[in-house]
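Me: Could you take me through this model one feature at a time, with the general idea before the particular case?

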Amino acid sequence: MIVETLAPDTALSSLLRTATRPQHEHAETRGFVTQLMGGALSREAYIDLATQHHAIYSALEAAGERLRGDAAAAPFLIDALVRVPSLEADLALLLGPDWRDAVDVLPATRAYIEVLDGIDTAERFVAHHYTRYLGDLSGGQIISRMLQRHYGMTPEELTFYTFTEIPKPKPFKDDYRALLDAAPFTPEQIDAVVEEAKVAFDLNAALFVDLGGRNDEDSTAA
Ligand code: HEM
């Protein structure tokens, strides 16, 4: 009998997906997320999330600009993904022209921004880029549908989740994974990307905990 041993899949896209699965599960089951998705919260709770996202994406997209000259980071600077303008448009609609006065950045957001402001390598940037944008193109689409269903929000208020230049997420995500797999990283750098992606997920989970603290309808939920 021939026993076939399959080589472990060492492509970065596979490693990222597999290694961050527990962190994904942890993040998506925080009380704030399950309550928001289940219709137990309010438009205001989503607006709170969107204001934190604005602060976070401003720092993430600034990190990308800092690394524009880096050959490994540059292919990830994809205009169609940029989210700050859509978040600003959403917040202007949701809170009015003075929306910036209403922003109250949470401690978890401040901690997340500090990490993003410290990004100085393509490995770390790619990890944070993957965690946010591939998530927005995946679960983000479900989140947008739930916000519309439960809170009567409109697509115009949720353009954060609409990538106008990416009409079909599936082929884009396939190309994105090919980009990850073609990145010129050494095995050590690949390990660094995977480790940083776990950090990125944990920062998102911590944000949900903070958001839960000030938006919780049921004080017994974590
Ligand atoms: C309500 C919460 C969430 C739901 C329902 C959700 C759902 C999903 C689903 C269904 C996929 C698989 C899509 C596919 O195979 O193409 C996915 C992938 C992904 N999600 Fe989430 N997600 C949630 C929260 C998050 C959060 C908080 C993050 C991180 C900030 C995140 C990051 C990702 C990433 C990076 C992927 C791509 C995995 C890969 O294929 O490499 N998700 N999500």
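**Reading the ligand site**

Reply: A polar side-chain atom of R177 is placed 2.7 Å from an oxygen atom of the ligand, and a polar contact here is a pair of N or O atoms within 3.5 Å, where within protein one must be able to donate a hydrogen and the other to accept it, and residues adjacent in sequence count only if both atoms are side-chain atoms. This is a predicted model, in which local features need pLDDT of at least 70 and side-chain atom pairs count only at pLDDT 80 or more, while totals for chains, interfaces and linings use all residues. Residues are numbered from 1 along each chain as its sequence is written, and side-chain values use heavy atoms, with hydrogens and water left out.

Me: What is the only protein donor of the iron atom of the ligand?

Reply: Donors are N, O and S atoms within 2.8 Å of the metal (3.2 Å for Na, K and Ca), and since water is not among the atoms, sites may look incomplete. Here the only protein donor of the iron is NE2 of H24, at 2.1 Å.

Me: Where does R177 sit, and which residues does R177 touch?

Reply: R177 is in helix α10, residues 169–182, and is partly exposed at 22% relative accessibility. Contact means heavy atoms within 4.5 Å; leaving aside residues up to four places away in sequence, R177 touches S13, R17 and L134.

Me: How many residues surround the ligand?

Reply: A residue is near a molecule or strand if one of its heavy atoms lies within 4 Å of it. By that criterion 19 residues surround the ligand, and the closest are R17, H24, Y130, K173 and R177.

Note on methods. Helices (H or I, at least four residues) and strands (E, at least two) are DSSP runs, numbered from the N terminus. Buried means under 20% relative accessible area, exposed over 50%, partly exposed in between (1.4 Å probe, protein chains only).
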